[in-house]
Amino acid sequence: CTGCGICQEKCPVKRPSEFDEGLGNRKAIYTLFAQAVPNKPVIDREHCTYYIKGKCKVCEKFCEPKAIDFAMQDKIEEIEVGSIIIATGFHLWEAKKMPQLGFGKYENVYSSLQFERLSNSSGPTAGKIVLKDGREPESVAILHCTGSRDVNYHEYCSRVCCMYALKYSHLIKEKTKARIYQFYIDMRCFGKGYEEFYHRLLEEGVTFIRGKAATVTDRAENEAEEGKLTVIAEDTLSQKIMRVPVDMVILTNAVEPQQDAQEVARKFKISCAGGGFFLEKHPKLAPVSTASDGVFIAGACQGPKDIPDTVAQGQAAASATIALTEKGKV
């Protein structure tokens with residue numbers, strides 16, 4: 001395979017794209033995502049016409065290197081290794097568990113990852129921020145702590161939400177003329193240059209409302225709310241209930257452990273901490289080591305963290321494995 005993509009162009013079957021969070025389509029033969037390694041397509045056997053009906057093979061006909069093999073089977077390989085890095089990442093909490101916020105009920109209520117794909121130049125709208133009917137939004141609400149810092153769901157802070165909510169505001173301001181409302185408990189801008197970015201958004205005209213949104217509804221109580229989504233929240237500074245009509249709502253979903261985290265922990269003889277994330281050997285002196293020698297952890301599988309911290313931890317885990325490998329035998 002040369003990665004030319006002609007097979008994907010010719011395939012007649014379209015399916016909702018998992019990578020685009022269902023906002024766009026992919027083919028039955030497709031590349032997992034734009035920077036996949038190796039950057040080569042795979043076939044979705046469940047929806048490929050050949051595997052269902054025994055006919056088609058259009059992709060094979062147009063593949064010049066003859067790289068498509070319909071007879072290929074899955075195989076299990078056993079590899080001996082000296083050390084293991086577990087970097088299984090995180091799972092995005094399902095916002096449908098808070099039905100009062102309208103995710104899955106109202107068309108223009110998006111999860112954080114959906115908006116990430118919507119605003120990305122390689123996404124389903126080529127980076128244009130639009131509503132489901134193709135219009136540009138005139139107003140947008142971003143709801144912080146959706147499933148985080150909540151005794152009913154996850155008590156811990158997901159750590160990255162405040163900053164990507166600010167990033168979303170900046171992108172919306174850059175690409176549209178929409179008014180933006182951020183509903184927050186408190187702003188946790190903890191990193192280098194983060195507080196400055198927060199003040200930049202204040203200067204750009206983003207409206208910050210200190211109060212967690214309680215409900216998103218499409219029921220209008222006045223003319224201004226007709227055809228809009230209305231966010232109902234308490235402004236804790238003025239101690240008043242607010243109704244804010246908007247065109248689009250973005251939820252900052254909680255970061256939670258992968259759903260098979262407990263199973264993985266048992267397999268590698270390591271432990272899970274409170275919240276379900278993998279437990280490190282020591283939070284300060286051995287942040288990437290585990291109770292099992294030779295098994296290391298890196299990234300958000302150890303706890304919610306942003307990209308710089310994830311990269312630093314990944315490099316630390318790689319260095320630890322190299323140091324162990326260089327000894328030859330222990």
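Start with F70: is it buried or exposed? F70 comes out as buried, because its relative accessible area is 9%, and the cut-off for buried is under 20%. Keep in mind as you click around that this is a predicted model.

Y51 is partly exposed, with a relative accessible area of 27%. Look at the two rings together: the centres of Y51 and F70 are 5.9 Å apart and the planes meet at 55°, so this pair is tilted. Colour by secondary structure and you'll see that the pair links distant parts of the chain. Y51 belongs to helix 2 (residues 49-53), while F70 is in the loop between helix 3 (58-62) and strand 5 (84-86), 19 residues apart. Select Y50 as well, and you have one aromatic cluster made of Y50, Y51 and F70. Across the whole structure there are eleven aromatic pairs.

Next, look for charges over rings. Show K10 and F62: the charged end of K10 sits over the F62 ring, 4.9 Å from its centre. Then jump to R26 and Y30, where R26 lies over the face of Y30 at 4.0 Å from the ring centre.

Last stop, the surface. Zoom in on V42, found in strand 4 (residues 42-43). V42 is partly exposed, at a relative accessible area of 33%.

Conventions: Residues numbered from 1 in each chain as written. Predicted model: local features only at pLDDT ≥ 70, side-chain atom pairs only at ≥ 80, totals over all residues. Heavy atoms only, no water. Helix = DSSP H or I, 4+ residues; strand = E, 2+ residues; numbered from the N terminus. Buried < 20%, exposed > 50% of the residue type's maximum accessible area, 1.4 Å probe, protein only. Phe/Tyr/Trp six-rings, centres within 6.5 Å; stacked < 30°, edge-to-face > 60°. Lys NZ or Arg CZ within 6 Å of the ring centre and 35° of its normal.
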